[in-house]
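Good morning, and thank you for making time for this item.

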Amino acid sequence: MTQQETIDLVCRIYDELAPPVEGAPPATESTRLFGGALDSVNVVTLIVEVEEQIAERCGASITIADDHAMSRQRSPFRTIGSLAEYVQDLMAESTRA
Amino acid sequence: MAHLDWLYDIFKDHLAAPCLVSNDQPFTYEWLLEIISQWRACFIQMGLSPGAIVALQGDFSPQMVAALLALIDHSAVIVPLSPSVGPQQQEFMEIAEVQMAIRPSLDGLHEVQRFEREPENDLSRKLVARGHPGLVLFSSGSTGKSKAALHDFIPLLGKFKTPRRTMKVLTFLMIDHIGGMNTLFYVLSNAGAAVTIADRDPDSACAAIEKHKVELLPTSPTFLNLLLMSEAYTRYDLSSLRLITYGTEVMPESTLTKLHALFPSAKIQQTYGLSELGILRSKSQDSGSLWVKVGGEDFDVKVRDGTLWVKARTAMLGYLNAPSPFDEEGWLDTGDLVEQNGDYVRFLGRRSEMINVGGRKVYPAEVENVLLQMENIKDATVRGERNPITGHIVVARINVTEPEDRTSVHHRIREFCRSRLEPYKVPVKVEIVEGNQFGGRYKKTRRLG
């Protein structure tokens, strides 16, 4: 999966989870995960759903939210773009392993 | 004088009446008395000493019941082990320090296994010294290790001396379960009849109810769910049912509502019991209500921090393999979370199964109840899975009726739950599973991941 495909996947899940608001712009790479349209429970849902869909599409079993992610200097959960980047790293690691 | 003379006096007044129906064949109280005395003679012949610890292996059957009663009279400590124990049989026999294992067969022949060991457990020895028969029940152990509760059989039977309504009962609950034991002695002490079944699937159970005009069905919410899902009630005449009782786990409100509509003339009653304490007396507010009054003359109950505590006049003597769970005054923390309204309580779930999402409580039963109302969802089990962000996330395991992909089911679940549950209760993860989500005891299997 390319970086762009991962971004598209996260954006799609984000839009699905966000409560429908008339005229709200669709999510983009720079959309913030926290403090935006999603409450924190929905952010957790989004993360788990990304894991599931990656597993279904690529057969790669990745865990996004773990101690490793939480202890990084910069949180991978800032924006859709940073999350997608982190997911790409995890997928690369899982194919190397 | 034998321990069960009072019970045999009841049998003698009903010699020609059936006490058991097994494989569609009736067995009378006269037959039962005869077979009990054969078992007693057999024990003497085998050199079985009073106070011996004996495992009784098998499901409900006429020979099994006769052997059980004869063992009580022989002052044995009885460890019933039904087939649902599965591969843990050996482990359980070691915990209970079983000296002899008997497996009665249908024709009265039986397998006997002897174990060279002297009981070392203080509780067992104390009971044996008292000259009373004992009963060892293993807690179902959905979480953690099974605990062995040792009871003095005599006080446990005391309440059956009060006459109650004579009924024909389906032995759905297992003989090694406090509910199964309760069913059996309820039947026998009121000269009723127990109808045994080999399979506990909805069609077999319904066929037996129709054929033998069963009046009382003591069962679990899981079975009642299966009954609704299978629509087996449309294939059999179940009009003989006067009373349906459910216990052992939380009843989904949707199941109860449907059931109540389908069986308007049957009383639907919640029961409550624990391997450690026996069965409490209970009274549902009405057949469609999950509010229930529990207690009775032999029990004191109180709610502390949202949990039900019970003090029983005749509790178990203790666990054979764990410290005593009672406090100094004899109260037991049941681990069952309840809501309270005057004299009535409503069971919310086990504390050990409660999901904690970012400090907020989610009861699996509440979420399952919503999921079960959806189209194309046959069964749902909700549990918590550890998550570094919120502590736990809510995970739903779903059985679908018609094939449907996971994403589509998850999407529908989100839509459906959004308007019915607080956001943190909506399942974050959805798994589609094929197999049954319950064990041999027809009780949901939930594990905190």
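The domain bounds I shall quote come from an automatic or database domain assignment. Please keep in mind that this is a predicted model.

On that basis, chain B is divided into domain 1, residues 5-157, domain 2, residues 199-351, and domain 3, residues 354-432. Taken over C-alpha atoms, the centres of domain 1 of chain B and domain 3 of chain B are 43 Å apart.

Let me turn to helix α12 of chain B, which comprises residues 406-418. This helix has 13 residues and reaches 18 Å from its first C-alpha to its last, close to the 18 Å expected at 1.5 Å a residue. Which residues of α12(B) are buried? They are B:Val409, B:His410, B:Ile413 and B:Cys417. These residues cover an arc of only 95° around the axis, and therefore lie on the same side of α12(B). The buried residues pack against α11 (364-371), β25 (391-400) and β26 (429-432) of chain B. On the face turned away from the buried side, α12(B) carries the exposed residues B:Ser408, B:Glu415 and B:Arg418.

Finally, the contact between the chains. Chain A contributes 11 residues and chain B nine residues. On the side of chain A that touches chain B, the elements giving two or more residues are α2 (40-58) and α3 (67-70) of chain A. Of these, α2(A) gives the most, with six residues. By class, that side of chain A has five nonpolar, two polar and four charged residues.

Technical notes
Residues numbered from 1 in each chain as written. Chains lettered and ligands numbered in written order. Predicted model: local features only at pLDDT ≥ 70, side-chain atom pairs only at ≥ 80, totals over all residues. Helix = DSSP H or I, 4+ residues; strand = E, 2+ residues; numbered from the N terminus. Expected span 1.5 Å × (residues − 1). Buried ≥ 20, exposed ≤ 12 C-beta atoms within 10 Å, placed from the backbone. Arc of directions from axis to C-beta. Contact = placed C-beta atoms within 7 Å. Nonpolar A, V, L, I, M, F, W, Y, C, P; charged D, E, K, R; others polar.
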